[in-house]
Amino acid sequence: MLNLADDIDSLTNFKRQTAEYLAQLHKTGDPLVLTVNGKAEVVVQDAAAYQKLVEAAARADREETVAAIRAGLADVDAKRTKPARAALRALAKKYGIRPTDA
């Protein structure tokens with residue numbers, strides 16, 4: 001996790017002490033914000049920590065998708081749905097769009 005007190009430094013320092021910063025990144029797994037002229041410009045992170053982050057994001061995305069599918073199926077089971085054409089006609093009427101019944 002990013003610690004704003006310790007995990008922000010200048011790109012210049014990073015370039016001067018790259019080996020030390022890489023050791024810190026490998027040891028902690030925490031990202032490091034690098035600044036240029038006092039402004040945050042880039043974030044560097046250990047490759048293994050980045051891989052974990054990517055996998056966690058993918059897992060969360062899958063879980064969200066599965067939850068949405070389950071909610072949709074529950075709506076079908078509870079008869080809270082209507083045919084697509086009827087729904088599209090209702091939306092077209094609501095927003096003043098001429099429906100196309102192709």
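Trainee: Where is Lys-39 found?
Mentor: Lys-39 belongs to strand 3, which covers residues 39-44. Please keep in mind that this is a predicted model.

Trainee: Is Lys-39 buried or exposed?
Mentor: Lys-39 is exposed, because its relative accessible area of 55% is over the 50% cut-off.

Trainee: What separates the C-alpha atoms of Lys-39 and Ser-10?
Mentor: A distance of 8.9 Å separates these two C-alpha atoms, and the residues are 29 apart along the chain.

Trainee: Ser-10 made me think of Thr-35. Which residues does Thr-35 touch, not counting those up to four places away in sequence?
Mentor: Thr-35 touches Ile-8, Asp-9, Ser-10, Leu-11, Ala-40 and Glu-41. Thr-35 itself sits in strand 2, residues 32-36.

Trainee: And is Thr-35 buried or exposed?
Mentor: Thr-35 is buried: its relative accessible area is 14%, and the cut-off for buried is under 20%.

Trainee: What about the loop between strand 2 and strand 3; which residue is found there?
Mentor: Asn-37 is found in that loop. Asn-37 has a positive phi of about 55°, although it is not a glycine. Most residues other than glycine have a negative phi.

Trainee: How exposed is Asn-37?
Mentor: The relative accessible area of Asn-37 is 81%, so Asn-37 counts as exposed.

Trainee: Now the other loop. What is the phi of Lys-79?
Mentor: Lys-79 has a phi near 60°, again a positive value in a residue other than glycine. Lys-79 lies in the loop between helix 3 and helix 4, and at 70% relative accessibility Lys-79 counts as exposed.

Trainee: Where is the place of Thr-81?
Mentor: Thr-81 is also in the loop between helix 3 (47-77) and helix 4 (84-94). Thr-81 counts as partly exposed, because its relative accessibility is 48%. Leaving aside neighbours within four places in sequence, Thr-81 is in contact with Asp-75 and Val-76.

Trainee: Changing topic: how many aromatic pairs does the structure hold?
Mentor: The structure holds 1 aromatic pair. Phe-14 and Tyr-21 form this pair, with 5.5 Å centre to centre and 45° between the planes, and the arrangement is tilted.

Trainee: Are Phe-14 and Tyr-21 buried or exposed?
Mentor: Phe-14 counts as buried at 13% relative accessibility, and Tyr-21 counts as buried at 8%.

Trainee: Let us step back. How many helices and strands are there in the protein?
Mentor: The protein has 4 helices and 3 strands. From the N terminus on, the order is β-α-α-β-β-α-α.

Trainee: What is the radius of gyration?
Mentor: The protein has 25 Å, whereas a compact globule of 102 residues would have a radius of gyration near 13 Å. The C-alpha trace spans about 65 × 30 × 25 Å along its principal axes.

Trainee: What share of the 102 residues is buried?
Mentor: Buried residues make up 12% of them. The accessible surface comes to about 8400 Å², and 58% of that belongs to carbon and sulfur atoms.

Trainee: Last topic: how many positive and negative side chains are there?
Mentor: There are 16 positive and 14 negative side chains, and the centres of the two sets lie 14 Å apart.

Technical notes
Residues are numbered from 1 along each chain as its sequence is written. This is a predicted model: local features need pLDDT of at least 70, side-chain atom pairs count only at pLDDT 80 or more; totals for chains, interfaces and linings use all residues. Side-chain values use heavy atoms; hydrogens and water are left out. Rings of Phe, Tyr and Trp (its six-membered ring) pair if their centres lie within 6.5 Å; planes under 30 degrees apart count as stacked, over 60 as edge-to-face and the rest as tilted. Buried means under 20% relative accessible area, exposed over 50%, partly exposed in between (1.4 Å probe, protein chains only). Helices (H or I, at least four residues) and strands (E, at least two) are DSSP runs, numbered from the N terminus. The radius of gyration is taken over C-alpha atoms; the globule rule is 2.2 Å times the number of residues to the power 0.38. Accessible areas come from the Shrake-Rupley method with a 1.4 Å probe; for residues, only the protein chains shown count as cover. Lys and Arg count as positive and Asp and Glu as negative; His and the chain ends are not counted. The place of a charge is taken as NZ of Lys, CZ of Arg, CG of Asp or CD of Glu. Contact means heavy atoms within 4.5 Å.
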